Structure formats: structure tokens, C-alpha cells
Amino acid sequence: MEWFERTKPYEADLIADLNQIVKIPSILDPNTQSDRTPFGVDMARALAKMEELAARDGFRYGRVDNMVTWIEYGPADAAETVAILTHIDIVPAGEGWLRDPFKPEILDGLYFGRGAADMKADLMSAYYAMKYLADHEITLTRKIRLIIGTDEENGWRDLPRYFEVEGEPTMGFSPDGAFPVVNGEKAFQTVQLRFANQTTGDYVLRRFIAGSRPNVVPGEARARISVPNPAQVQNEFATYLAQYPFLSGQSEVRDQEVRLLLKGVQAHGAYPQDGENAGTYLANFLRRFAFNAEAKTFLDFIGRVVHDDIGAENLGLRYHDDVMGDLTLNVGVMRFSQNGQGTILLNFRYPQGVNVQAVTTQVQRHLGDFAATVEVWPGGMEPHLVPETDELVGTLSLVYAKQTGMYMNPRTSNGGSYARLLKRGVAFGGQFPDVPVTSHQANESTPVANLTRSMAIFAESLLKLAK
């Protein structure tokens, strides 16, 4: 019997369990952080739900520092471990949803909900792959550990701590990427620009807000400005929006201020070409007016220097590596508050051959009159590459080819998965090549058929790696 036929009967139960996880808004919540809930109460609820499922299905499980839950199948005393590296945290829902992002629904064969693509559906497909092996009492030589983190979308403070306590697995994969095998991942690094805000004169930028995370293309931006002729600004804003069919927005005059809202297209910051950055477009519009001091340099930097420049050519950072591809830039967070502290977060993804010193040096050189300090955010990662000759890469590649009828060479990704934390770690699934990427976007979804399709690929892969 083909693997997909074996896993298809699990679909209803898989969806029922997935619904329970998606309903929990497992977003970093500083307001409820404590020793028992290091990333917030909802994150702890999500881990507890996975442990509840593990207990129901007879798996061994445990928790490390209330940050990571592990679920295990196979000989407990095995010398070697095959890891499945996952995370249960998600980015904020954002704007633009047609339905409640935490009330999952199936429409036209698609499963909708925040985390459907990144990565609760793939977490559950991997869990059910383990469940299939356990239900059929398949004997293994290596043990399998599903490792569930809670800080992947933020500071990666979880799995490094897990490895300190539990040790590094022998090998493993993270279903937080795409099929076929992703054996290389570019470096990712966030650079912060900090500056003092002073703005006077006839045109005053009172506030500018866009983005919430450096690894998300902002889908919405807002500004409050004081100007001599509000009607002129409103008319020009309408004309500007009409030039770009993918943008929308609105303006109003309140308390002698013009308030502008511009909506672009939110996307994952690893693939800025999939989005339309609302923040840089709003700055690009505003820079035509006679703002002065830091307001002028702020708007010029994000509205001209880094606007619509995902290759960072204007920063002198355009770079291509034949194995790992191009350097990319996402302008993830933009803040300006009159007479306050301003911030811009630039998220870079770069291949081997580039280093963080080169990135910060070039940013500094291209600030012009912008009196900003350049700081490297902690938690960045260097490029990661596992040779194609490794058993892990070969096994996963062949399983994918067998089940799909199509062999595809291993490749490099802009995304950063937990696989890079393992010397022998790759990303593998669950994004299929023929499915649009909806991670971090409004109306995030995944095809229902791919839930057990991924489960089948994971199950055979785990069997071959752990047998």
C-alpha cells in the first residue's frame, strides 16, 4: 500500500487536533511572562495541549524550562536520536483577515487560520507521522524526538537552552521550510537604527508607525502630520494610491492634523518580494513635502534609500553566491515620534561570503545626513549548509522523489529554521512547490490534502532514518 493511502484515514483526527492548537493564540506576550510562562500564558497553554495529546497517545514526553516540550518514540536508551525541530509560536494576526484567525475553517479545500502555514499544520503532520509509527508498533534502532519550541518568531531563546540540557540530536529535520530538502539556509541578521526626533517648521511629522516584527513585511503604516494645507495632502495621497493598484488607504483631518493610513501586502520577511511594504511606500509619499530636521532624513532613508530595494543595492550590499543565492533586505519596523526616540529595524538574509561587519559598515556609510546609531540585534545566525553527500540529505531527497514521482535537487532558503541549530540539520517540508506561500500573511492557509500528504512523507522519512 502506498504511504499516502496509509495516512489518509488519519485526516479527520489530525484536523481535530490541529483545530485545538490553532485556536490558542500562541504569540509572545510580555504582559504574562513569568518563570512558569517565559513567553506568555498562551504559549504555555499551547505546550500543555501538545503534552495532553502525547499522554493520550502513549508517548514519552517532557519539558525544558517551560520553553520546550519534547515528545518521543523509539527505544529510550538508544544512543542516537533523529530530531524533528518545530515551533508552536506564531506572529500576530495583523490586519486584513476575512474571518477570525483563531477560529480555523476549511473553505474550498484550504485550511485557514494563523499558523496554518507557519507552522502548526506541519507540526501536527509531523506528530501524526510519529503516531503512525507508534500505532503500527514499528521497531526502531534510533529514537525519534519531536522538539517543540516557543520562541522561533522572536529571539530563539528556547532550543539553544534545550540543547544545553538534553544534548544535541544525531541528526534531524525541521518541517518549517519547503519540499524538497533545504540543505542550506542563509544568514539572518537584524540591524537597528536609533535616532532622536526633532521636527519643526510648517510641516511636522508627529508620528509614523509601520511594522511589528523585523521578519515581517509591514502590511499597514500610519502617520500623523501637521501641514499648512491638509486638503492638498489628501488630494495628493489619493493620486499616489491610484498609481499603485496593490496599495489602498485613507486620510482624514482631525484636530488640525492629517492622519494617513496606507495598506500594502504583508508577507514573510525572508521573502520580501512577496509583499508590498506599507511603511516604505508611505515614507516615499511623504518625502515630497517640506519636512525638516530628523523627519526629513527619516523619510528620505526609508522612502528612498531602502524603498523597493530588496537587494540592498542602494546600501552597496548587492551580492550573489552561486550556491546560496542573493542577499535580501526587509525593512520590518519603522517608528518616529516627535521629540521622542525613533527606530528602524532592517532584516538582512545573506549567503556565505558576507558577514555582519560588512552589513553594518555599508549601512553606516549610506546614512548620509541621517544621525542614527547602527546596532546589531542579538540572535543573528551565520549561513548554514549540510553537504548533499550526507545520509540525511540523500534519504530525505529519495523519499520525497518516491512519494511525489519527482526528484528535485536540494536547495538553499532565505528562511531561517531551527534546522540550522544542528550540525546535521536540514529543513524539509511542509511547503510544497505548487502551493502559494501564505506564512505571516492575512488569511494564512494550507491545502487540507497536504496535511496527510506531508504526514506520509514524514512517516517514511522517519522510518528510514531511525530504522
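User: Which residues does Ser125 touch, not counting residues up to four places away in sequence?

Analyst: Ser125 touches Leu14, Leu451, Ser454, Met455 and Phe458, with residues up to four places away in sequence left out of the count. A contact here means heavy atoms within 4.5 Å. This is a predicted model, in which local features need pLDDT of at least 70 and side-chain atom pairs count only at pLDDT 80 or more, while totals for chains, interfaces and linings use all residues. Residues are numbered from 1 along each chain as its sequence is written, and side-chain values use heavy atoms, with hydrogens and water left out.

User: Why is Ser125 called buried?

Analyst: A residue is buried under 20% relative accessible area, exposed over 50% and partly exposed in between (1.4 Å probe, protein chains only). Ser125 has 1% relative accessibility, and therefore counts as buried. Ser125 lies in helix H4.

User: How many helices and strands does the protein have, and what makes a run of residues count as one?

Analyst: The protein has 11 helices and 26 strands. Both are DSSP runs numbered from the N terminus: a helix (H or I) needs at least four residues and a strand (E) at least two.

User: Why does the overall size of the protein agree with that of a compact globule?

Analyst: The radius of gyration is taken over C-alpha atoms, and the globule rule is 2.2 Å times the number of residues to the power 0.38. For 467 residues a compact globule would have a value near 23 Å; the protein has 23 Å, and therefore agrees. The C-alpha trace spans about 75 × 45 × 45 Å along its principal axes. Of the 467 residues, 58% count as buried. Among contacts between residues at least 6 apart in sequence, 77% join residues at least 24 apart.

User: Why is the length of helix H3 said to agree with expectation?

Analyst: The expected span of a helix is 1.5 Å times one less than its number of residues. Helix H3 (residues 41–56) has 16 residues and should span 22 Å; its end C-alpha atoms are 23 Å apart, and the two values therefore agree. The buried residues of H3 include Met43, Ala44, Leu47 and Leu53. Those buried residues pack against helix H2 (11–22), strand E1 (60–64), strand E2 (68–73), helix H4 (120–135) and strand E6 (143–149). After H3 comes Gly58, with a positive phi near 80°.

User: What makes helix H7 largely enclosed by the rest of the structure?

Analyst: In helix H7 (residues 278–286), 9 of the 9 residues are buried, so H7 is largely enclosed by the rest of the structure. Its cover includes helix H6 (230–243), strand E15 (257–263), helix H8 and strand E19 (328–337).

User: Why is Ile310 called partly exposed?

Analyst: Ile310 has a relative accessible area of 34%, and for this reason counts as partly exposed. Ile310 is found in the loop between H8 and strand E17 (320–321). Not counting residues up to four places away in sequence, Ile310 touches Pro272, Gln273, Leu327, Thr328 and Leu329.

User: Which residues does the cis peptide bond with omega near 0° join?

Analyst: That bond runs from Phe179 to Pro180. Pro180 is in the loop between strand E8 (177–178) and strand E9 (181–185). Another cis peptide bond joins Asp118 and Met119, with omega about -15°.

User: Why is His440 called buried, and what is its phi?

Analyst: His440 has a relative accessible area of 1% and therefore counts as buried. Its phi is positive, about 65°, although it is not a glycine. His440 lies in the loop between strand E25 (430–431) and strand E26 (445–447).
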